[in-house]
Amino acid sequence: MFFKMEHCDVYYGQIQALYDINVEINPGEIISIIGANGAGKTTLMKSIMGLVPAKNGKIVWQDEEIQAKKTHHIVKRGISYVPEGREIFPGMTVLENMEMGAYTLRMSAKEKADKLNEMYELFPRLYERKKQKAGTLSGGEQQMVAIARGLMLSPKLLMMDEPSLGLAPLVVRDIFSIIQEINKQGVTILLIEQNANMALKIADVGYVLETGRITLTGSGKDLLSNDAVRAAYLGA
Ligand code: ATP
């Protein structure tokens with residue numbers, strides 16, 4: 001089993017944020033989870049990362065149950081998380097930010113250099129700006145730094161929380177084509193987005209999350225033409 005979340009409930013103290021979540025991911029897919037503000041999208045990713053524990057149910061990742069595992073274990077097993085709002089270190093350079101991504105794996109200098117070169121191939125802009133303080137970059141460039149930092153871990157599953165947030169439409173298009181390129185290189189993608197249109201266009205499978213529950217699932221294409229999805233999320 002590549003990835004499966006089964007009957008998971010997630011709480012913040014007494015307050016339940018997610019109810020009976022079931023998500024399945026096959027290797028090589030792009031999965032998009034769409035939903036309004038506060039629906040529980042970020043909570044879902046945090047529960048996979050072990051940052052907020054799933055109370056019931058199980059999360060299986062590459063044949064191992066990870067619902068009770070520590071975050072660093074999950075990261076080492078190949079799941080990487082690019083958080084909402086990017087959370088890069090603004091006072092550190094682009095290069096230093098990317099190096100921070102590799103920290104958990106304690107890579108050798110050679111492994112780190114190879115990985116950095118791979119990142120610069122994917123993001124030539126980051127090579128040009130590697131000595132610049134990350135806080136001085138544009139929003140799109142900062143998002144690239146956050147993605148590159150996540151990729152430094154050579155994840156098999158890359159989870160991205162609202163990568164398009166706050167970016168201009170043209171930049172959003174760039175970010176989405178980078179996501180597709182990363183996927184073509186063999187990384188499975190779990191994406192959460194309020195930009196439902198773009199997220200479903202590139203998705204093999206989509207899920208709709210509403211007030212903590214998955215209410216609809218289908219191929220990205222089917223969800224794009226679904227009347228309820230169009231009315232609620234695509235402004236149709
Ligand atoms: P957004 O796009 O605004 O991040 P979201 O779909 O990611 O929305 P979550 O951030 O997962 O939604 O929030 C889901 C629910 O859990 C919301 O009702 C929110 O208020 C609540 N919640 C989130 N974080 C906490 C927390 N640390 N403590 C208590 N409740 C929380």
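Figure 1. Asn37, Gly38, Gly40, Thr42 and Thr43 come nearest to the ligand among the 13 residues around it. The model shown here and in the following views is predicted. Helix α1 supplies 3 residues to the shell around the ligand, the largest share.

**Figure 2. Polar contacts between the protein and oxygen atoms of the ligand.** For Thr43, an N or O atom of the side chain is placed 2.5 Å from an oxygen atom of the ligand. The backbone takes part at Ala39, where a polar backbone atom is 3.0 Å from a ligand oxygen. Glu162 contributes a polar side-chain atom, which lies 3.4 Å from an oxygen atom of the ligand. The ligand taken alone exposes 630 Å², of which the protein buries 58%.

**Figure 3. The salt bridge between Lys41 and Glu162.** The closest N and O atoms of Lys41 and Glu162 are 3.8 Å apart, and the two residues form a salt bridge. Lys41 belongs to helix α1 (residues 41-48), whereas Glu162 is in the loop between β7 (157-161) and α7 (169-184), so the pair ties together parts of the protein that are 121 residues apart in sequence. Lys41 counts as buried because its relative accessibility is 6%, under the 20% limit for a buried residue. Glu162 is likewise buried, with a relative accessibility of 3%. The side chain of Glu162 also has a polar atom 3.4 Å from an oxygen atom of the ligand.

**Figure 4. The salt-bridge network of Glu64, Lys69 and Arg77.** Salt bridges link Glu64, Lys69 and Arg77 in a network. Within this group, the side chains of Glu64 and Arg77 meet with an N to O distance of 2.4 Å. This pair connects distant parts of the chain, with Glu64 in strand β5 (residues 64-65) and Arg77 in the loop between α2 (71-76) and β6 (79-82), 13 residues apart. Glu64 is buried, at a relative accessible area of 17%, while Arg77 is partly exposed, at 24% relative accessibility.

**Figure 5. The salt bridge between Arg125 and Glu141.** Arg125 and Glu141 form a salt bridge in which the closest N and O atoms are 3.0 Å apart. The partners lie in two helices, Arg125 in α5 (residues 124-128) and Glu141 in α6 (residues 139-151), and the pair links distant parts of the chain, 16 residues apart. Arg125 has a relative accessible area of 33% and is therefore partly exposed. Glu141, in contrast, has a relative accessibility of 5% and counts as buried. The structure holds 9 salt bridges, among them this one.

**Figure 6. The surroundings of Leu105.** Leu105 is found in the loop between α3 (94-102) and α4 (109-122). The relative accessible area of Leu105 is 31%, so this residue is partly exposed. When residues up to four places away in sequence are not counted, Leu105 touches Lys76 and Leu153. Leu126 is 21 residues from Leu105 along the chain, and the C-alpha atoms of the two residues are separated by 22 Å.

How values were computed: Residues are numbered from 1 along each chain as its sequence is written. This is a predicted model: local features need pLDDT of at least 70, side-chain atom pairs count only at pLDDT 80 or more; totals for chains, interfaces and linings use all residues. Side-chain values use heavy atoms; hydrogens and water are left out. A salt bridge is a side-chain nitrogen of Lys or Arg within 4 Å of a carboxyl oxygen of Asp or Glu. Helices (H or I, at least four residues) and strands (E, at least two) are DSSP runs, numbered from the N terminus. Buried means under 20% relative accessible area, exposed over 50%, partly exposed in between (1.4 Å probe, protein chains only). A residue is near a molecule or strand if one of its heavy atoms lies within 4 Å of it. A polar contact is a pair of N or O atoms within 3.5 Å; within protein, one must be able to donate a hydrogen and the other to accept it, and residues adjacent in sequence count only if both atoms are side-chain atoms. Accessible areas come from the Shrake-Rupley method with a 1.4 Å probe; for residues, only the protein chains shown count as cover. Contact means heavy atoms within 4.5 Å.
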